Amino acid sequence: MLVALVGPWLPLPSPTERVGMPFEPASWSRPFGTDVLGRDALARTVHGGRTLVLQAVAATALGSIVGLVVGTCAGLARGGPLTGVLRVVDGLAAVPPLLITLLIAAGRPGSDFAVLVAVTLVSLPFSVRVIGAATARLADLAYVRTALARGDGRFAVVRHDILPNIASEAWAEAGLRFIAATQLCATAGFLGLGAPAPAANWGRLVRENAVGAGAQPWPVLAPALLLVVLALGMTLTADRLTSPVGRPRNERNTAP
């Protein structure tokens, strides 16, 4: 994450300027050597993660907001108009994520925003289902039924009785979706979607330099390893943010 966000400000050569011959080996002046066009591979690598990470963060945030709103409402409603919304969500979940990404992003060539929209839509069904299931589990408990029976609004019940008790599930689900979003954004870059070359993208760097990986592996290995480290780090972070499942907490006095 640090490499992706801070890397572009490091004092390195331009990621689009040719500085040598293609696939020059690593040296003191160029630790990762050069890429397929003779550009500095280290500069390309540190510039290739910012857009990808920001897309994943934005897609995760948008998916979390919509997932919390729709999931909690659906979990409490148990039927009604929201049933139709859930059927739409289920239908969206049945479509392969990569196909959705290709349909949306290919329809707007060169648009990073189109990739963001596609990744957000792909993540929504999982978010809604996880939050909805967690909410439905709490909706059957006595203190939630008591709050609803005494006339508390659904927003108040969600705010005070539901959200505090599904926070661990929400954080874990968001962490998993962030990992999936980074991989999908990298896949989009690998397929040439989003901002066109010479813009750097970790996924695109792997594709561009695969032809010379045997002679000069760093232009391929560096972005690939950064994606692995990012996914592993976010997995560990999500584990730390997830508390053991115990008896739900009731933060309000539900006595009549």
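**View 1. Segments annotated as transmembrane.** The unreviewed UniProt entry carries the annotation "transmembrane region" for residues 52-76, 88-107, 113-131, 178-200 and 220-238. UniProt positions follow the numbering used here, with shortened feature names, and annotations may be inferred rather than shown by experiment. The model is predicted: local features need pLDDT of at least 70, side-chain atom pairs count only at pLDDT 80 or more, and totals for chains, interfaces and linings use all residues. Residues are numbered from 1 along each chain as its sequence is written, and side-chain values use heavy atoms, without hydrogens and water.

**View 2. Two of these segments.** Residues 52-76 are 100% helix and 0% strand, with end C-alpha atoms 35 Å apart. Residues 88-107 are 85% helix and 0% strand; here the end C-alpha atoms lie 22 Å apart. Helices are DSSP runs (H or I, at least four residues), as are strands (E, at least two), numbered from the N terminus.

**View 3. The largest pocket.** Its volume is about 240 Å³, the space filled by probe spheres set on grid points joined across faces, edges and corners. A pocket is an open set of points on a 1 Å grid over the protein atoms alone, where a 1.4 Å probe fits, with protein on both sides within 12 Å along at least five of seven lines; lining residues have an atom within 4 Å of a point. Lining residues include Ser 64, Cys 73, Arg 154 and Phe 155. Helix 3 (50-77) and helix 8 (154-190) each give two or more residues to this lining. Helix 3 gives the most, with 7 residues.

**View 4. Cysteines.** The whole structure holds 0 disulfides (cysteine sulfur pairs within 2.5 Å). Cys 73 is partly exposed at 38% relative accessible area, whereas Cys 185 is buried at 2%. Buried means under 20%, exposed over 50%, partly exposed in between (1.4 Å probe, protein chains only).
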